[in-house]
Amino acid sequence: MAKVIFGVWDGNVIDNRRRRIFDIEEHPGFRSFDEFNPGNPIKAFLGGHGFFIFEKGVNLLDAALQYMARVARESCGKCTPCRVGTQIIKSKLEGLTNGNRNPQLLDEIEAIAEHVRDTSLCGLGQTSTVALLEMLEYFREELLKEIAAEREPQQHCTTYVSSPCIEACPSKVDVPRYIDYVKDGKFTHSLGVILQKYPMAATCGRVCVRFCEMACRRTQVDEAVGIKVLKRFVADHERFVSNEWFSSSLIHEKKSDDLKVAVVGTGPAGISAAYHLLLRGYRVDVYEANTVPGGMAATGIPNYRLPKDILRQEVGIIETLGGRIFYGKRLGRHFTLKNLAAEGYPAIFLGLGAHGGKTLEIDGEDLSLKGYEFGVNLLLHINHDYIDNGIPMDLGERMVVVGGGNVAMDCVRSALRMGVKEVHLVYRRSRREMPADHEEIEAAEKEGVIFHLLTHPRRIIVENGRVKGVELIKMKLGELDESGRKSVVPDEGSEFTLETDYLVPAIGQQVDLSFATPDDGVALTKKGLIAVDSNTLMTNRKGIFAGGDCVTGPATLVQAMAQGHKAARCIDDYLTYGRVQFFPEDRMSRLVADTQPLIRKGVSIPIKNEYRVKIKELDPEVRKKMFEEVEKPISVEEAYHEAARCMRCYRVYSVITEQ
Amino acid sequence: MIAYINGKEVEFGTNETILSAAARHGHFIPTLCEMADIAHAPGTCRVCLVDIKRRNDPGHYVVTSCTTPLEEGMEVLTRTPAVRKKQRLQVELLLADHHQNCAVCIRHGNCELQDIAQFVGLQQSRYHYPHFYRQRSRDDSSAAVARDMRKCIRCLRCVTVCREIQGTDVLVITEKGLATEISVRDGLPLGDSDCVSCGQCILVCPVGALAEKDDTETVIDSLYDPNVLTVFQFAPAVRIALGEEFMLPPGTNVEGQIITALKRLGADVVLDTNFTADLVIMEEGTELLKRIRDEDVLPMFTSCCPGWVNFAEKNFPELRPHISTTRSPQQCLGSMAKTYLAEKMRVDPKQMRVISIMPCTAKKEEALRPEFVRSGMADVDVVLTTREFARLLKREGIHLGELEPSRYDDPWMGEYSGAAAIFGTTGGVMEAAIRTVHQVVTGKELERIELSEIRGFDNIREARIDLGEELGEVKVAVAHSLKAARQLVEAIQAGEAVYHFVEVMACPGGCMGGGGQPRSKKAYQASWQARQQAIYGIDRERPIRQSHNNPLIGKIYADFLREPLSHRSHQLLHTHYRDRKRIVRHTMEEIWKEIGERG
């Protein structure tokens, strides 16, 4: 726990300069501020709300200069005060450190800094001089002392620029930046920002769950910026040339051939890992159990949300970059981890996914029953056997799907498109608790799915080895449980029966554990997931890394891609240095998260409402009969308008450290 | 809803900005980047600051009035000392990264940045850092538009006009911080880009960052060269706009004064582009009838607007067979002057310099097209925009308002019809063509000369014209602004719209709103109505209102061209078009390099 010598945050002043170090109480808000990385103490922290000094002898003037230099470099250059004001402040601070040491310059700096804070257009400018102004207001004498001391600054400073949407994104995509490029009219550059993080931009632009939009500060004005739809827009805009952008010439430094990596799985985690390893110059071989690439994105997401040619094209980038993909190779059946080791892969990445279904644990349940199928398997059959290979399927007249997540929504909506006449959705809690995207829930309703909320199956009615119906019971709300949601308990006596040809449990997935033999010795968690070190993503087996759903349990596309990216970085470190190195950006991100509780809810100044672009959709009556993509692309004009809604909530942070 | 500005009650609507309500109620707030008539309020200049106090908050905040909506009970103060001080500092900061060579700037005397400095009462300019602007680019690659980004104040008006009014979307924003500038898509020089040279961006630029390529010096060279015979022509839309540069009311017709001024400048021959507008109608009208009768490629598009021709060649090269092969009136005048007129006057065309005065920047580029240069001799030698012509007159000490009007005296090309006069407005070429085509087909003059259904300012207008028994009804359409043109072309290509004849003018309003016309401060097209009224007024006053009734048109066919679409007119009055579609592919390597350099 760090001790604050002095500092100001949102106008709250801490001044312990006259106290002895051992008298100063440790501040619980700074639990993680002792060290930046092991053996490297944090001496000062500066951000958009203020600054803290943790050690005596910090050169405040230099800290301010380094911070403002980053601000001046980050200014987007559109509004006057930030573009010009931050530059003038920077050059005057430079003067104070090494030239014109006239203390009166502080007055001039203060006037411009106030002006920048009060009149800048976006969040970056509005917060860029807050720390400096607080220094000037409350600790001016420290600055004056520093000017008089004429010290040569020798401070090590790390700066970091981020925003709520970036911090919310598992892949840390620079969202305001790609939106800026849309505003600038440079769509390829916008896509370039996304492609720095993962290759599946058009895919993510369609199916992402949008942690970024939940964090978007525009919601305080009207509605979140359409971050996802802009991503799809830029990805689609030049999608037919996307493979032309890449070539193996993009790889600057080829690693030696013996440093090859095996990636198991072409899902979002595997593809992302392969992509970043290829860009780092490694030879990458990818093994895929299925005959098509994409993992859960291919088998689990229906065509009407993610047309398969788009996914295939994006996976194609791996091959353009020189990666090899071997299809129809299932780990544990066609080859083993031991085989891979024998083939000389010094590092292996497991991105196996969680493709196994979960049973309902009710009477009459039997995996061999006709008409009983897990949601993930149903989607696999529809997407793969029916759509890709044209194998006919008969799903009967009536179907009951159990669950409230996106897989359940995908099942009910796909069933309608397969011609099932009556599709029921059974969910044990209320609508508010459904984990599926609300857009998905609404779409399912519009298409005519019959919802049974606060309802749960009791028993499967079987006849001649076939599902004939399901007995359901109403649930009622009970006490709050540990997840903060109200628990539900069966309302005895409310049982009723639905006749059905199909019963589809979609209440979760698990890892198919047949990939490993006992002598592979890959450790698992209690939940049946692959156990990894959260910092390095390495399993208990040296050189074997894992990520995505097989590590986290069923999660989202963007989380899996983030894990793939992280694994690539860790594998690169492992193959280069023998161990995973410290990654300053991750550390800064942690520090930023830790300062969030300190932020006082600011004054709100009204901002003109500009409502979010309405995405055109196929008519529910038409679309429910086919697998064509439901959401239509937005126009260039709409994209410009949507991009203009971004408030650029960038904040600049810096730490002064020992080394 | 009610709020208060400087203590006075104002009514306002939902989501209405302070600036908008203040303007409606007569409270002046200085602004720079904002342009209300194109709904442009990017909030970048940050000058329009005001003090607000919300109903349930004791605090006072300084905000920009262009982006802040009024609220019930809000109290707005526009002139507090703090607000005025901040506005002054803002303009001081704007000047700090602006290349202040005001005395030699092309926008001298018409600069909105200078205005704003005065409005906010700026009395000092403390920050001079030449390295702030020196790194930014200048681009003289285009024959029409000169860019000097050292003067750009990032109001983004040009971007809005290029994107939203024209739909050409050629301008992009590059770099960040002080290096931020408006650039051309794909990093190309403007002259090699998809820019169509319409010059609409110049009309809205508040400073001298965007301007016409100035050619007045070349004209002065010719005027004072005793071995050169100068032949001047000026377009229909020049006479009703030039007066604005000399403080005359918009829409004042100064045709006679222009003739006097040119004579006083020492012009040897003064002609009117209207004469060849009549000639164009004869050729183009005949071409249209031939296409209809031969069931050839239809619809036919007009070809007199070089901005539109550029746009079509660069975006819809497949449309080339649809564009009338008839040259524009400017080019027809050039070729007739250097053949027919030279012959009549018995002078060597090599000694002639044809100098046009045009409402248009794209005409500068049109004159340079290789199609219009015969054996090393251009048909039109120099093109001045209306603004440059005003500059030339001022440089030569001529004040237009003080001149007595004169009349044309050229016996061969000095006459025009009312049909030619309306070429200066959107819909005019179409109306003129119909007057003649109707007579040619039916043998009768159109009873209703003025076609109200294709007049007005709707971006796309259409009409059906009855051409009698032989051809029946023809469908025509008129589009102005390239955004409307694109919309119309796409509808035609999709089979949603069927026409025989389509007029396209690149500039909103047609030539009268051209990129070379006098500009208004703080407004995009302030003089539209007055200019159009003046053009229709000229038509009404003309004794002859149809091109085919112009006696000198009869004479030029009798003496020289024989008949429309004759061999000679094919050589001298028709042209062809090129495929100029550009496909640029960037590699991710390049893109990432640029992104990396930015961050």
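Predicted model: local features only at pLDDT ≥ 70, side-chain atom pairs only at ≥ 80, totals over all residues.

Q: OK, which residues of helix 20 of chain A are buried?
A: In helix 20 (residues 438-446) of chain A, the buried ones are A:Glu440, A:Ile441, A:Ala443 and A:Ala444. Helices (H or I, at least four residues) and strands (E, at least two) are DSSP runs, numbered from the N terminus.

Q: Why are they on the same side of helix 20 of chain A?
A: Because they cover an arc of only 165° around the axis. That arc is the one of the directions from the helix axis to the C-beta atoms. In general, an α-helix has 3.6 residues a turn, so residues three or four places apart point the same way.

Q: And what's on the other side of helix 20?
A: There, A:His438 and A:Glu442 are exposed.

Q: What do the buried residues of helix 20 of chain A pack against?
A: Helix 19 (406-417) and strand 13 (422-426), both of chain A. Just after helix 20 of chain A, A:Gly448 has a positive phi of about 105°.

Q: Switching topic: how many residues are in the largest nonpolar core?
A: It has 235 residues, and A:Ala44, A:Ala64, A:Met68 and B:Cys158 have the most contacts inside it. Helix 1 (residues 60-74) of chain A gives the most to this core, with 10 residues. A nonpolar core here is a set of buried Ala, Val, Leu, Ile, Met, Phe, Trp, Tyr and Cys residues joined through C-beta atoms within 7 Å.

Q: What does A:Ala64 touch?
A: Leaving aside neighbours within four places in sequence, A:Ala64 is in contact (C-beta atoms, placed from the backbone, within 7 Å) with A:Leu93, A:Leu132 and A:Met135.

Q: Now chain B. Where is B:Ala144?
A: In the loop between strand 6 (138-139) and strand 7 (145-148) of chain B.

Q: Is B:Ala144 buried or exposed?
A: Buried, because B:Ala144 has 29 C-beta neighbours inside 10 Å. Its contacts beyond four places in sequence include B:Ser197, B:Glu212 and B:Lys364. B:Ala144 and B:Lys364 are 220 residues apart in sequence, but 5.7 Å apart in space, C-alpha to C-alpha.

Q: What about whole chains? How many helices and strands does chain A have?
A: Chain A comes to 25 helices and 22 strands. Its radius of gyration is 28 Å, close to the 26 Å that the globule rule gives for 659 residues, so chain A is as compact as a globular protein of that length. The radius is taken over C-alpha atoms, and the rule is 2.2 Å times the number of residues to the power 0.38.

Q: And chain B?
A: Chain B has 21 helices and 20 strands. Buried residues make up 54% of the 599 residues in chain B, and 50% of the 659 residues in chain A.

Definitions and conventions: Residues numbered from 1 in each chain as written. Chains lettered and ligands numbered in written order. Buried ≥ 20, exposed ≤ 12 C-beta atoms within 10 Å, placed from the backbone. Contact = placed C-beta atoms within 7 Å.
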